[in-house]
Amino acid sequence: MAYAAVLSLKQTIESSEMKLISEEDLCYLKSFIKPMRSLPSSNRAVDSETQIKDAVHRFEDLINRHISDWFQSGSKISKDDQSFKLVLSQQLQIVKQEISSFTKTLKAEEHYSTEEDKQQQQQHHHQKQSYYFAWQIHRREKMVGLDSELKELQDWLFSGDPKRDVMSVVGMAGIGKTTFVEQVYYNSRLVENHFKHRLFLPIGPHYQLKDTLLLALDQLGVHENLNKNPLSNYVYKSLLGTKYLVVLDDVWNTRVWDQLRHVFPDNRNGSRIILTTQLLSLTRPIGGKTIQIPLLDEDQSWKLLREIVFTRGESCSKELEKIGRKIAKKCEGLPLAIIEVGKLLSKIDKMVEKWKTVAENEDPLTITIDDDTPLSKALLLSYDMLPQYLKVCFLYMGVFPKSYEIPRSKLIDLWASEGFLDPQNKGKKRSLEETGDECLNELISRSVVLNTKLSSVDTKRTKTCRLHFTFRNICVSEAQSKKFFPIIKKYNESSFPEDVIKKQRRLCFQNNVVLGIEQVRTWMEESLPGARSLLCFGPKQQYPVDLYLGFKLLKDGDELPSSISCLWKLEVLIVHRHHNIKSSNLPPVYLPIEIWKLHELKHIDCVGFDLPEPSPADDSLILEKLLTLSGVSAHSCTQGVLARTPRLAKLGIRVEASQEDEAFEALSFFGGDYFASRAEFESFKCHVVDPSPRCRAVCSMVNFPKNIKKITLSGCGFPWENVKAIADLPNLLVLKLRWSAFCGAKWETTTCGEEIGFPKLKLLLMEDLDIQKWEAGNEHFPMLERLIIRHCYKLEKIPPEIGDIPLLEMIQVDDCNPAVVTSARGIQDKKASWGNDKFRIQIHSSWDNEKPTRE
């Protein structure tokens, strides 16, 4: 973690207005960052790396304490404090010494690793040979699931295309890529008869061209004197003029393909090459087709587990099956994890009580970096192959609880505030948001992070992601081993080891009840003076809980203290105030006015609080970097507030009103010209929290900015004739109309005028609306790609004209009138008659107890 420590230090120095170290010293730190970015894991360099990290942290703590003291004292401390600079200089020399020692260790290791790699390659070569011959004897039974993927692979193998073609099979560690290919390579008589030569070449991360060519020649039966020509020539000549199938299993870089592509001749006879890899990014430079192996569903998971545990025709009782399905589900669809669990269950008696014990565990397997199981080795290899700048981002994701869907924006904000992102990485100058996006995309491409939901605006961009429980276990184990962060779920003496905790810069509580214990708060105050981050997860608390954040005391109660202004580097503020009693007479609860002094703030999410309007006389109170403001009421959206947030692009408001005049007054600001004139606005959300049905249809229509791209409305009660204000927006891409956003039995989209309505809209969501009839003309929604209709029980049908939209790719219908499903299928038939094979519909209906289907 030395890379992350030095990067954070560099950003602290650069963001400070004080000249604390020389430009020469800053350049020295920068020069160390570059070679560290792609440094692989090294057991022999661990001690030196830890010493660098500790020295850098002490150095950064000195700087931050000094800046904090200066900030709180109102500039009473001299910026040229010589005694402080002397201490700083002495500490910097220690940092340099540690860096120098680490560099020498790496140089010594470079020679050692070269010799070690040779030994590993020889061992790996023998493993490849034994692997191949073992599979010549043993044939696997048909694997669980993947029927459509297997058919796609077989169709490709036997297609009439004469060119030499490549297929990449991609997926995470343990998902069964090799087993999937083996089903075709070993278990198909058709494949054996179709190809004259077949080569199965395990590659791996320690790939050596010579060993791979020798293995290929061995499988081809070439045993003559191989000293006269390059080995590649012998392979090429052996395959020339023949139809062959080659499998390159477990490829980790494009160098493999660059070296081997010319070894396999294009005989124009339908030869095929299959490549398996965890890296989706490899498929673009290699070309050809791609199959991504999915995780198993719940039924498939149970089928695989049952086949492993119940062998030789053994029966499984219904009670055991019920518990077994629960265990299988916890494996989250990863075949190798299911196999490992199956081995464990096979070793214990098939008794309900014993299986229940396994089912009650949070995870079906305990996986650490020190395990010697096939699953742990595969996962650890995926982690080890990450460059340093991705390792730290990946490890940090372990702070989120199991199965937690992590919003992309929240994750990138946390990475940025922790100092993990280098905008100058790869030689380009980018924003922190762009850098974070690239890091997340790389982690997904490397199959270590799961992409769970795509953005509704940019359908190629991640909206939420998560870690598979197996990778999360690796993250937690490695993070605790490297003292990166401890995770605390309960209070006891073993949870708070003094020698470990005192050095922590970040702490994660995955049970926020622990924070209510007085001993814990006292311990935090005494033992964590240098803590930078405190993350808390858990259920909402009925009573306020005191939180100790480093050296600042904040209370999650009725208000935040004015001392929050001392958090001068704060970039993200998320505070949710949970109301137990609602009353229309309660005045707004405002954040302290000092919040305007936090000039680094980029994102505010404060449900239950409002942003106060500063005095017009104080021109210095401007949040010039604020991009997102959400959770506030309309009281925060005055002209005075918005004028002091010049970069605000995303606004989300909540209106808690039980009176008609309150809801109307709260939203009246958005009907004016000032809000409409804000060109920088991209996203607007409005949720009217109103339990009384009689208070609907009371809000004035919003006058939206012309450049807005996304609108989400709920509970507003607008009449359908007001939708023209939205239909005319020239740049709107996403429109989400949730519960009672618009009210009325009929929506005549054709009443929007002669001009094209919704000219750029790509996604339309209609959810929990009381609409019965929807009429649309051919001139509306010309760019629509996705239509989602949920819980619109009165809607009679989807307008057939929707089927005429050329770009429409998907219609999703969830729990609607069966006639809506029928109209969706009618549109599908129309698309099919036009030869559009990309269009699909997704149906989920409880009317006839149907399971979710994708058609």
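Predicted model: local features only at pLDDT ≥ 70, side-chain atom pairs only at ≥ 80, totals over all residues.
Biologist: Is the crossing of H8 and H9 left-handed or right-handed, and which residues make the contact?

Modeller: A crossing is left-handed if the near helix is turned anticlockwise from the far one by less than a right angle, and right-handed if clockwise. For H8 and H9 the crossing is left-handed. Contact means heavy atoms within 4.5 Å. H8 brings Lys210, Leu213, Leu214, Ala216, Leu217 and Leu220, and H9 brings Leu231, Ser232, Tyr234, Val235, Ser238 and Leu239.

Biologist: How many residues does the largest nonpolar core have?

Modeller: A nonpolar core is a set of buried Ala, Val, Leu, Ile, Met, Phe, Trp, Tyr and Cys residues joined through side-chain atoms within 4.5 Å. Buried means under 20% relative accessible area, exposed over 50%, and partly exposed in between (1.4 Å probe, protein chains only). The largest core has 118 residues, and those with the most contacts inside it are Phe180, Phe394, Trp415, Leu443 and Val449. Helix H1 (residues 2–15) gives the most to this core, with 8 residues. A second, separate core of 80 residues includes Leu601, Val632, Ala634 and Phe704.

Biologist: Which residues is Trp415 in contact with, leaving aside its neighbours within four places in sequence?

Modeller: Trp415 touches Cys393, Tyr396, Met397, Phe420, Leu421, Gly436, Cys439, Leu440 and Leu443. Across the protein, among contacts between residues at least 6 apart in sequence, 70% join residues at least 24 apart.

Biologist: In what order do the 3 strands of the open sheet stand?

Modeller: Strands of a sheet pair through backbone hydrogen bonds, either parallel or antiparallel. DSSP must find at least two bridges between two strands for them to count as a pair. The order here is S6-S8-S7, with antiparallel pairing. Strand S6 (406–407) and strand S7 (450–454) stand at the edges with a single partner strand each, so one side of each has no neighbour in the sheet. S7 and strand S8 (residues 462–466) pair over 4 bridges, and Asn451 stands opposite Cys465 in S8.

Biologist: What about a strand with parallel partners?

Modeller: Look at strand S21 (residues 734–737), where Val734 and Lys736 on one side and Leu735 and Leu737 on the other are all buried. S21 pairs in the parallel sense over 4 bridges with strand S19 (residues 710–714), and also over 4 parallel bridges with strand S24 (residues 763–767). Lys736 stands opposite Thr712, and its bridge partner in S24 is Leu765.

Biologist: Is Glu332 buried or exposed?

Modeller: Glu332 is buried, at 12% relative accessibility. Glu332 lies in the loop between helix H13 (318–330) and helix H14 (335–346), and its phi is near 55°, a positive value in a residue other than glycine. Asp250 also has positive phi, near 70°; Asp250 sits in strand S3 (residues 244–251) and is partly exposed at 22%.

Key:
Residues numbered from 1 in each chain as written. Heavy atoms only, no water. Helix = DSSP H or I, 4+ residues; strand = E, 2+ residues; numbered from the N terminus.
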